[in-house]
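Subject: A structure for you to look at

Hi,

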Number of protein chains: 2
Amino acid sequence: MAKGNAFYAQSGGVTSVINASACGVIETARKHRDVIGRVYAGRNGILGALNEELIDTGKESARAIAALRQTPSGAFGSCRYKLKSLEENAREYQRLLDVFKAHNIRYFFYNGGGDSQDTANKVAQLGAAMDYPLTCIGVPKTVDNDLPFTDCCPGFGSVAKYVAVSTREAALDVASMCETSTKVFVLEVMGRHAGWIAAAAALAQETPGDAPHIILLPEVPFQQASFIRKVKKTVQQRGYCVIVVSEGAQYKDGTFLADAGGKDAFGHTQLGGVAPMVAELIKTKLGYKYHWAVADYLQRAARHIASATDVEQAYALGRAAVEFAVAGKNAVMPTIVRTSDKPYRWKIGEAKLSRVANVERKMPRSFISADGFGVTAAAKRYLAPLIAGEDYPPYKNGVPVYVTLKNQLVAKKLPVKW
Amino acid sequence: MAKGNAFYAQSGGVTSVINASACGVIETARKHRDVIGRVYAGRNGILGALNEELIDTGKESARAIAALRQTPSGAFGSCRYKLKSLEENAREYQRLLDVFKAHNIRYFFYNGGGDSQDTANKVAQLGAAMDYPLTCIGVPKTVDNDLPFTDCCPGFGSVAKYVAVSTREAALDVASMCETSTKVFVLEVMGRHAGWIAAAAALAQETPGDAPHIILLPEVPFQQASFIRKVKKTVQQRGYCVIVVSEGAQYKDGTFLADAGGKDAFGHTQLGGVAPMVAELIKTKLGYKYHWAVADYLQRAARHIASATDVEQAYALGRAAVEFAVAGKNAVMPTIVRTSDKPYRWKIGEAKLSRVANVERKMPRSFISADGFGVTAAAKRYLAPLIAGEDYPPYKNGVPVYVTLKNQLVAKKLPVKW
């Protein structure tokens, strides 16, 4: 392999373990200095390349890089930015090429979900089209767990664990109070198009009848009458009802429940908040006292309760990406291949970026219970190993120690305007 | 002391450590079998006494009782039920006396906040008025941290830790994304009348300028103009703004911000949800993209991230309550007395139930920053030791192991109707 520098960047919504992948990329690259010279991290994803804002990770100590493994969020900044096709925005690609050439960047590692793998794939095409030797490797990441070809996605296991633990804890609270107070608790979790995160709440169940009693998935069109019947029956049987709802829960016509036409004090349509909407619906129909929670960023940033499996896989995929590059692979993404459910065993596989980009993996029907309000044993078998193990960060003064890097930028070599 | 049985019950909103107090009460009573015969737990607080629904804790193994220390929520059920005065509802008191006599209950331990200590105090008066020898000891508990005479309240330290940790984590997330996406994050926390919980978010700060940038306390009347100015300035300086808001944040006239007149899809006034209200206000005035979270029960049930200090104190107060009773004390509540901030040292003190009942302790002015949007160094000195230390529950299959007791009821001796 020709020696060159590497560009690494984080893209899309961050997670509690994306920095563990960064740690895997940087630590592994440091072991291959004969091939990979410097590792530049893009400040705010691909924008760092476009704006020539390159963070010199060589300025960070081995200790700081190691601490990335235990630090949530995106240490170099992330972005929501999608490259157009080469035909549509040639200027943008020319700029990327100029920046790569100016800094002798020969390796491109892009850490993100479906949109980001599309970006990685386009950059790979750019290298080929412009006859510039560039090795492009995707590093999977998404709490939504919706990338194809990989058994799971780093970031998901930790959110799943957060949701399962929180559901178990909140359910105990409601059970204590239900005789004289709250009877219904609604927890809203992430998942705009796929119900993986909401489904993971089912791991809170130990014995039949345990909470969550109802899970509302985007994959199952919401039917008010049967939902209300189920809530009523659950409260009559158990004394209380715990509901976990995907932010993407929707009606048959694709309208989100959250777009229920509510207006706030300023007359604007209430955005988000499917939990209060569902809670209020129950109150209206059944009169039960309710509480609701919206976990939002708390769930995907919750490194304090990360899944050890997830952290390990996030690191391993970062490491594999560099090993793939060093081995001469190109335009691929390392994946997780499950070889056994129990005991849980996995290995690293690979998928072509061209096939990964922009494909969304939803929950299979076989994972959804017959009545649509829960998940099957098969789903739990799939989900359970992903939340296994705890990987606590160190603490100081009662709060976790998370690293903040120096993030020193490399001197620019190109015009700022382009 | 005359030998007799004990009644123990949990009252009001439960916490992640109220069962640690139960553990302290039961384990200590078991060491004093010469004085305390059986420990009956009320099913759903004082209602368990009124309904003669007495759980025989003697049926639980030492191991199950020990596991209470690591289990959130109220293992015996809790209630929101306030006894009227002896004059107003003599019938109710007569019933209590009948139940106590029927089961030879001579010790009464009531675990709760201000309202519950009022109940304990009334029961103490009952014993005296009816010439029935009854020893009444309160056991403090409330996430609101608003009981007087005690340095802090069990339950609070763990919520404080949850809020500090979650704020630090979510703030890192927002910081990663702010350049191209979310600029404002609003976290709503508990605290209807006192801002202790919101104030604890300040423990997420490590260096000046760290999140949370704004804390909205019920103690400080909300002023829209200065709030919006501060949000704008923070985003301009830092790139993003993290706000922690008490559910009880209010205007000068005492109206809650959450009662902002918003209507949901069903035309009902939107209940709760000050976080979305504040987020939408910012969007309207400044146009910033926002995210918001409402932690609700998740915060007070989060035993997985409990403060070791809090767990220890909850247990110690349960133990002290029994020791007080055995020592012949009556109509008192054990308290936490701080003897040193750094290193943190505390001991058990006591307060008369008659003085504790129905007094609410708000944040002192000296704990609130000059601009009203944060807390002072004195507040942090007070708060910091309360979140110190981790006390992780054991895990199985990726979720915490929490105990469910048998909760076997004692045979009734009295008519069900009374």
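Below are the notes, going from the pair of chains to single residues.

Some housekeeping comes before the details. This is a predicted model, in which local features need pLDDT of at least 70, side-chain atom pairs count only at pLDDT 80 or more, and totals for chains, interfaces and linings use all residues. Residues are numbered from 1 along each chain as its sequence is written, while chains are lettered from A and ligands numbered from 1 in the order in which they are written.

How the two chains meet

The same surface serves both of them, as 100% of the contact residues of chain B recur in chain A. Contact here is when the C-beta atoms of two residues, placed from the backbone, lie within 7 Å.

Chain B brings 69 residues to the contact and chain A brings 70 residues. On the side of chain B that touches chain A, H6(B) gives the most, with 13 residues. Helices (H or I, at least four residues) and strands (E, at least two) are DSSP runs, numbered from the N terminus. By class, that side of chain B has 35 nonpolar, 21 polar and 13 charged residues. Ala, Val, Leu, Ile, Met, Phe, Trp, Tyr, Cys and Pro count as nonpolar, Asp, Glu, Lys and Arg as charged, and the others, Gly among them, as polar.

An enclosed helix

Next, have a look at helix H5 (residues 114-129) of chain A. Of its 16 residues, 12 are buried, so H5(A) is largely enclosed by the rest of the structure. A residue is buried if 20 or more other C-beta atoms lie within 10 Å of its own, exposed if 12 or fewer, and partly exposed in between, with C-beta atoms placed from the backbone. The buried residues of H5(A) include A:Asp118, A:Lys122 and A:Leu126. They pack against several elements of chain A, among them helix H4 (90-102) and strand E4 (105-112). After H5(A) comes A:Asp131, with a positive phi near 60°.

Two crossing helices

Helix H1 (residues 18-30) and helix H11 (residues 308-326) of chain A have axes that come within 7 Å and cross at roughly 35° (axes are lines fitted to C-alpha atoms, for helices over the stretch in contact, and angles run from 0 to 180 degrees between N-to-C directions). Their contact has 13 nonpolar, four polar and two charged residues.

Backbone details

A cis peptide bond joins A:Ala211 and A:Pro212, with omega about 0°. A:Pro212 sits in the loop between helix H7 (196-200) and strand E7 (214-216) of chain A. Another cis peptide bond links A:Lys342 to A:Pro343, with omega about 5°.

A:Glu52 has a positive phi near 55°, although the residue is not glycine, and A:Glu52 is buried, with 22 other C-beta atoms within 10 Å. A:Phe149 also has a positive phi, near 70°, but A:Phe149 is partly exposed, with 17 other C-beta atoms within 10 Å.

Happy exploring!
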